[in-house]
Amino acid sequence: MQKGLVVRNTGSRYIVKLDENGEMVPCALKGNFRIKGVRTTNPVAVGDHVEISGTPTSPEESAFIVKVEPRRNYIIRRASNLSKESHILASNVDQALLVVTLFHPTTSTTFVDRFLATCEAYNVKALIAINKTDLLADDEEKEYLKGFEFLYRQIGYEVFPLSARTGDGVEPLQEHLKDKITLLSGNSGVGKSTLINCLIPGLDLKTAEISNIHDTGMHTTTFSEMFQLPQGGWLIDTPGVKGFGTIEFEARETDHYFPEIFEISSRCRYDDCSHVMEPGCAVREALENQHIALSRYNSYLSVLEEARSNGSSDKYRKPF
């Protein structure tokens, strides 16, 4: 048996970097490999520490992953809108970097908030990179950038406006990536591959232009892969996604994953307030007084509704 780190996952095949000598070994799963208690489309994810057996003697052969070591954490999302299965984006990460664009294409605040809520749920620090600042066309768009940046910084998230194409604003982000294992995620077309190329000179990942007709991105990353940073640390690139479905959330705990809502909820009349219709709700009062952003509250409601529709236990006090 040999131990190693999963650095690439193409769906049915994996590349494992051996701990002993750094050799890259192609691997497959043997039989109906499953991890007890985890219902997921990918039982093995990039970032997993694994044990493998066998030694490939030709490019057509593979070793076999026989064991996954316990994970210290992972980031997970719903496999699809209609699925009850999950998909693990990556495991054993120090932080997650969400790459967004405010225009060309537009990343919705609902997508941002769902990603951040998932990071909160799985106790993973989240950073936000606002890419393509060089494409902001006028003062109105620049003001929107300032508002977006202020909103999430006020909540407590670190935000990095930058242009991966020109390199402007990338240096402050680099300092936060040093010696960390960082998951990258975002919609298709936000420039994740361009950002990685900027952070790792000479890598030359494939990039694509945005559709002028639909102002949407094309998938250039089709599988998850880890890349080593020159200054130390790793980036885990993942395929772009359109939506971010939450999973395994308890309805009664949803407000825990929105820090500013959770902080104010301690002042609600009822300990189990859902912040929807109950009297004496401090959260809705704060919303009316513009101490909580309407976009964040609407995102909270969408995640709460999704948790309830998935059969989550809900012990909230019924409104009267």
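Two residues are in contact when they have heavy atoms within 4.5 Å. Among contacts in this protein between residues at least 6 apart in sequence, 65% join residues at least 24 apart. The structure is a predicted model, in which local features need pLDDT of at least 70 and side-chain atom pairs count only at pLDDT 80 or more, while totals for chains, interfaces and linings use all residues. Residues are numbered from 1 along each chain as its sequence is written, and side-chain values use heavy atoms, with hydrogens and water left out.

**Overall make-up**

- The protein has seven helices and 13 strands; helices (H or I, at least four residues) and strands (E, at least two) are DSSP runs, numbered from the N terminus.
- Of the 320 residues in the protein, 49% are buried; buried means under 20% relative accessible area, exposed over 50%, and partly exposed in between, with a 1.4 Å probe and protein chains only.
- The protein exposes about 16100 Å², and carbon and sulfur atoms supply 48% of this area. Accessible areas come from the Shrake-Rupley method with a 1.4 Å probe, and for residues only the protein chains shown count as cover.

**Nonpolar cores**

- A nonpolar core is a set of buried Ala, Val, Leu, Ile, Met, Phe, Trp, Tyr and Cys residues joined through side-chain atoms within 4.5 Å.
- The largest such core has 49 residues, and those with the most contacts inside it are Ile52, Ile65, Ile128 and Tyr152.
- A second, separate core has 21 residues, including Phe258, Tyr270, Cys273 and Cys281.
- In soluble globular proteins, nonpolar side chains tend to be buried together.

**Strand S1 and its partners**

- Two strands pair if DSSP finds at least two bridges between them.
- Strand S1 (residues 2–9) pairs with strand S4 (residues 49–53) in the antiparallel sense over four bridges, and Gln2 has Ile52 in S4 as its bridge partner.
- S1 also pairs with strand S2 (residues 14–18), in the antiparallel sense over five bridges. Here Asn9 stands opposite Tyr14, and Val6 stands opposite Val16.
- The hairpin of S1 and S2 has four residues between the strands, and Gly11 in this hairpin takes a positive phi near 110°.
- With strand S12 (residues 224–228), S1 pairs in the antiparallel sense over two bridges; Arg8 has Glu225 in S12 as its bridge partner.

- S2 and strand S3 (residues 24–29) pair in the antiparallel sense over four bridges, with Ile15 opposite Pro26 in S3.
- Five residues lie between the strands in the hairpin of S2 and S3, where Gly22 takes a positive phi near 75°.

**Ser53 in strand S4**

- Ser53 lies in strand S4 and counts as partly exposed, at 21% relative accessibility.
- Leaving aside neighbours within four places in sequence, Ser53 is in contact with Met1, Ala63, Phe64 and Val66.
- The C-alpha atoms of Ser53 and Ala63 are separated by 5.8 Å, with the two residues 10 apart along the chain.

- In helix H3 (residues 170–177), Val170, Leu173 and Leu177 are buried. Seen down the axis of H3, these buried residues fall within an arc of 60°, so they line one face of the helix; the arc is that of the directions from the helix axis to the C-beta atoms.
- On the other side of H3, Glu171 and Glu175 are exposed.
- The cover over the buried residues of H3 includes strands S8 (95–100), S10 (158–161), S11 (181–185) and S13 (234–237), and helix H4 (192–199).
- H3 is followed by Asp179, whose phi is positive, near 60°.
- Six of the eight residues of H4 are buried, so this helix is largely enclosed by the rest of the structure. The buried residues of H4 are Lys192, Ser193, Leu195, Ile196, Asn197 and Leu199, and they pack against S8, H3, S11, S12 and S13.

**A buried lysine**

- Lys132 lies in the loop between strand S9 (125–130) and helix H2 (139–155).
- Lys132 is buried, with a relative accessible area of 14%.
- The side chain of Lys132 reaches the backbone oxygen of His104 at 2.9 Å.

Technical notes
A polar contact is a pair of N or O atoms within 3.5 Å; within protein, one must be able to donate a hydrogen and the other to accept it, and residues adjacent in sequence count only if both atoms are side-chain atoms.
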